[in-house]
Amino acid sequence: MESYRERLWPAPWIALVAALAIPASLLTFAPVSIVAGAVVGIVLTAGVIGAAIASAPLITVGDGMLRAGSARIPVALIAGTEAARGDDARRARGVELDARAHLVLRPDIDPVLRVALDDPDDPTPYWLLSTRQPEQLAAAIAAAR
């Protein structure tokens, strides 16, 4: 039974950025064929949007486990959590980031949750997870522990 479930869907503006492939393809293929340029642009746009949707990681808490993307860890090995937004989140993703940390980050999702680990056999000091609801994820982890 899951107490928390969040799919990190891409933000809608990703589709707008991907749609820039259409005018770029039209300009590139204009000497050959406007129709070919439009078709290539539409296919590229659909491919980028499809890849962004297909690669959207899932974060769940349930059955005594925290799952983030393809990784999972028992909640008993979690020492604590810390939510960050805005400048704190940027620092957590940047200058304060430990290279050994496990990352599940989306560039279009600002808040992050740092999940500190207490596993002597694991060299990973913490997980850093993008989440639109860091406080609810932290509460679900605390309740599961």
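The exercises below are each followed by a worked solution.

This is a predicted model, in which local features need pLDDT of at least 70 and side-chain atom pairs count only at pLDDT 80 or more, while totals for chains, interfaces and linings use all residues. Residues are numbered from 1 along each chain as its sequence is written, and side-chain values use heavy atoms, with hydrogens and water left out.

**Exercise 1.** Determine in which order the strands of the open sheet are arranged, and which strands form its edges.

*Solution.* Step 1: Helices (H or I, at least four residues) and strands (E, at least two) are DSSP runs, numbered from the N terminus. Two strands pair if DSSP finds at least two bridges between them. Step 2: The open sheet consists of 4 strands in the order β1-β2-β3-β4, with antiparallel pairing. Step 3: β1 and β4 (71–74) each pair on one side only, and they are the edge strands. Step 4: As one example of pairing, β2 and β3 run antiparallel and are joined by 4 bridges. Isoleucine 59 has alanine 68, in β3, as its bridge partner.

**Exercise 2.** Identify the buried residues of helix α5, and state where they lie around its axis.

*Solution.* Step 1: A residue is buried under 20% relative accessible area, exposed over 50% and partly exposed in between (1.4 Å probe, protein chains only). Step 2: In α5 (residues 134–144), Pro134, Leu137, Ala138, Ala140 and Ile141 are buried. Step 3: These residues lie on the same side of α5, because they cover an arc of only 160 degrees around the axis; the arc is that of the directions from the helix axis to the C-beta atoms. Step 4: The buried residues of α5 pack against several strands, including β1 (2–7), β2 (58–62) and β3 (65–68).

**Exercise 3.** Find the contacts of serine 3 beyond its neighbours within four places in sequence.

*Solution.* Step 1: Serine 3 lies in strand β1. Step 2: Contact means heavy atoms within 4.5 Å. Step 3: With neighbours within four places in sequence left aside, serine 3 is in contact with Val61, Gly62 and Ala140.

**Exercise 4.** Decide whether proline 107 is buried or exposed.

*Solution.* Step 1: Proline 107 is located in the loop between β6 (102–104) and β7. Step 2: Proline 107 counts as exposed because its relative accessibility is 81%. Step 3: The C-alpha atoms of proline 107 and serine 130 are 8.5 Å apart in space, although these residues are 23 residues apart in sequence.
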